[in-house]
Amino acid sequence: MDKQIALQKSGSEDLKMWEPKIIAFLCNWCSYAGADLAGTSRLQYSPNIRIIRLPCSGRINPLYIIKALVDGADGVMVSGCHPGDCHYLTGNMYARRRFTMLRRLLTTAGIEPERVHFTWVSASEGNRFAAVVEEVVNKVKKVGPNRIKEISK
Amino acid sequence: MSFKNQREEIIAICKNLLDEGKANLILGFADGPTGEGSVPFFIRKKDEVDDIKWDDACTTNLAKYLLEKKEGAAIIAKPCDARAIVMYMAENQIDRSKIYIIGVECAGMKDKNGAPPPGCLECTLRTPPIFDILVKNDNSSVQGAVNTHDREEEPGFADKLARFQKEISKCILCYSCRQACYGCYCETCFMDRNMPNWLPNELDIGSKMMFHLGRTMHLAGRCVECGACERACPSSVKIRYLIKELTDFCEELYGYRAGINPDEIPALTAFDQNDREVGFLGGEDDGSCCGSKG
């Protein structure tokens with residue numbers, strides 16, 4: 001059963017002990033500020049995300065997401081400003097098309113869509129950021145550890 | 001029989017071009033070294049024109065040679081090659097006014113075993129979307145229009161990953177597909193860069209995944225479905241199904257197919273306020289989540 005092998009490789013024998021490692025690419029002006037607001041509001045949410053701050057969601061090269069998954073991340077979360085509210089006016093619009101295509105590609109290659117999530121979180125949505133992280137972590141927990149680790153020798 | 005007629009017409013056109021000075025280099029095909037198959041042929045003198053080959057072995061996509069020779073070139077373009085030329089125009093890689101396109105109608109090619117090569121089986125395009133002069137094909141039947149991508153039998157995720165791994169494990173990272181592809185013309189490919197370094201020091205299956213997923217993303221919305229990648233592969237990696245999924249998806253979402261309409265802006269360099277957010281959190285459900293949606 002490949003899930004068992006993947007669990008063993010990830011260092012935790014028991015599914016209950018495994019904690020997913022999720023890389024979060026956040027845009028500086030909206031999503032990162034929203035995450036910061038969640039922090040200053042002392043909201044509790046799952047500590048499974050590792051945040052990488054970029055100036056804009058449009059700056060995110062699809063290769064970052066692919067590399068994160070190939071290197072073994074259990075999940076990737078990308079968040080930007082709401083369409084129409086981009087600090088650089090149109091960055092997130094280009095990003096939207098790119099991410100839609102990337103998600104379809106990853107699904108075709110057999111990477112579960114529950115691992116990769118795109119969303120828009122604004123700077124004032126601290127509560128929502130915490131809720132989004134919980135949603136992403138729950139979805140990733142359901143699909144288990146990243147199986148690429150077991151075949152990538 | 002129609003290939004023979006087309007060949008005579010092409011030879012007449014080429015001789016004319018060289019005489020009138022409209023082109024000083026013509027990109028076409030010649031016999032392969034064993035007499036079968038075809039090789040790209042660069043014609044500069046009038047007495048070379050009679051060596052032109054035109055039949056169902058002329059599979060190569062010649063459009064990429066235009067990048068080296070941007071002025072004074074003529075090209076014998078099948079519909080898929082012409083699509084690549086349209087994309088070069090859209091991406092500002094060539095100047096339309098400086099090249100002469102001999103468009104040739106195509107009913108499909110054959111590989112050395114007599115079967116349709118990758119790209120021909122699903123092709124529905126007989127006439128090049130762009131040309132300066134058209135060489136018609138009086139053969140009314142079109143080989144293609146067979147839909148080999150059956151949506152109803154959507155395989156499960158274990159099968160999708162198994163298929164991907166099976167194809168990728170054959171890959172030897174020779175980059176033939178990259179060299180053959182019209183769309184891969186970056187001076188330094190991302191695989192060859194070290195700032196940032198996308199590959200680990202020891203190449204493994206993860207590197208192959210990076211290459212194929214990365215290259216497919218770079219071609220998202222740009223693939224002209226010529227099949228050059230799969231033809232070029234020495235390891236018979238059936239890689240086209242990945243990009244075909246994106247090509248169909250791009251048409252579904254944005255109504256855009258690369259290289260068909262010279263006036264269209266490529267889909268991923270444009271946006272619309274009302275773009276669909278398929279699969280986004282809080283967006284459209286893409287129905288591909290196996291398991292709970294909770």
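Visitor: How many residues does the contact take from chain A and from chain B, and what makes two residues count as in contact?
Guide: The contact takes 36 residues from chain A and 40 residues from chain B. Two residues are in contact if their C-beta atoms, placed from the backbone, lie within 7 Å. Please keep in mind that this is a predicted model, in which local features need pLDDT of at least 70 and side-chain atom pairs count only at pLDDT 80 or more, while totals for chains, interfaces and linings use all residues. Residues are numbered from 1 along each chain as its sequence is written, and chains are lettered from A and ligands numbered from 1 in the order in which they are written.

Visitor: How do you know what span to expect of α5(A)?
Guide: The expected span is 1.5 Å times one less than the number of residues. With 18 residues, α5(A) has an expected 26 Å, and its reach from first C-alpha to last is 27 Å, close to that value. Just after α5(A), A:G144 takes a positive phi of about 80 degrees.

Visitor: Which residues of α5(A) are called buried, and what does α5(A) pack against with them?
Guide: Among them are A:F129, A:V133 and A:V140. The word applies to a residue with 20 or more other C-beta atoms within 10 Å of its own; with 12 or fewer it is exposed, and in between partly exposed, all with C-beta atoms placed from the backbone. The buried residues of α5(A) pack against β1 (22-27), α2 (31-40), β2 (49-54), β3 (75-80) and β4 of chain A.

Visitor: Why are β2 and β5 of chain B called edge strands?
Guide: Two strands pair if DSSP finds at least two bridges between them. The five strands of this open, mixed sheet run in the order β2-β1-β3-β4-β5 (chain B), and β2 (38-43) and β5 (133-135) each pair on one side only, which makes them the edges. Strand β1 (residues 25-31) of chain B pairs with β2(B) in the antiparallel sense over six bridges, and B:P40 in β2(B) is the bridge partner of B:F29.

Visitor: Why is A:L89 called exposed?
Guide: A:L89 has 12 other C-beta atoms within 10 Å, so it is exposed. This residue is found in the loop between β3 and α4 of chain A. Although not a glycine, A:L89 has a positive phi of about 75 degrees.

Visitor: What makes B:S236 exposed or buried?
Guide: B:S236 has 9 other C-beta atoms within 10 Å, therefore exposed is the word. Its place is the loop between α6 (228-232) and α7 (240-254) of chain B, and phi of B:S236 is near 55 degrees, a positive value in a residue other than glycine.

Visitor: How do you know whether the peptide bond from B:M195 to B:P196 is cis or trans?
Guide: Omega is near 5 degrees, and the bond is cis. B:P196 lies in the loop between α4 (176-180) and α5 (205-218) of chain B. Most peptide bonds are trans.

Definitions and conventions. Helices (H or I, at least four residues) and strands (E, at least two) are DSSP runs, numbered from the N terminus.
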